[in-house]
Amino acid sequence: MNLPTKTLQEIADDVARDVGNKVRYVCLRTPDEMYPDTPLLNLTTLEDRQYCIAVTHVGLCVVGNEHDSVEGLAFIEAEPVVTYVPEGEPRSHTKLAHQTSLASSDQPLRYYETIYQLLDTLSPQYRSAFCSELSSKLLNLQQQESSSEDENPPSSSS
């Protein structure tokens, strides 16, 4: 079976739609002239920290510490090593709160498989918003099940 593949631009659009209510601001920015095929997102976390995020075939990575800041783009094509953040890896959120994944000569870019993984690292308030939304949905589901049982009580046979 041949599954349809999405372009990086379509993925970037989906990412912006998916997290729009869990960040202060997110929008697709104009492509960089030197990297026209790499979609970029300007994102502001709930903590009011600004980032520029590249959507690549390898994953998402922070390429700038402000909107429209793309100094990390130069490291994407020359990047020989891919560093993923393993699921379940313990993180020191206070240490990571101000850390980005911008590359340097001795530190490769950090790629994230999903926007949720990236935001979980960059924004503790995102994590709280995600947990609150999930709890609310579970509570609504539980209330629906309760009201359904109240309307249709099990029949008892004597």
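Begin by selecting helices α1 and α4 in this predicted model: their axes approach within 11 Å and cross at roughly 50 degrees. Axes here are lines fitted to C-alpha atoms, for helices over the stretch in contact, with angles running from 0 to 180 degrees between N-to-C directions. Helix α1 is therefore oblique to α4 (under 35 degrees counts as roughly parallel, over 145 as roughly antiparallel, 65 to 115 as roughly perpendicular, and the rest as oblique). Helices (H or I, at least four residues) and strands (E, at least two) are DSSP runs numbered from the N terminus.

Residues are numbered from 1 along each chain as its sequence is written. Local features need pLDDT of at least 70, side-chain atom pairs count only at pLDDT 80 or more, totals for chains, interfaces and linings use all residues, and side-chain values use heavy atoms, with hydrogens and water left out.

Next, display the side chains between the two helices. Val15, Asp18 and Val19 of α1 meet Ile115, Tyr116 and Leu119 of α4, contact meaning heavy atoms within 4.5 Å.

Turn now to the sheet. Its 4 strands form an open, antiparallel arrangement in the order β1-β2-β3-β4, where pairing requires at least two DSSP bridges between two strands. The twist averages 30 degrees from one strand to the next.

Select β1 with β2 (residues 40–44): 5 bridges join these antiparallel strands, and Tyr25 stands opposite Thr44 in β2.
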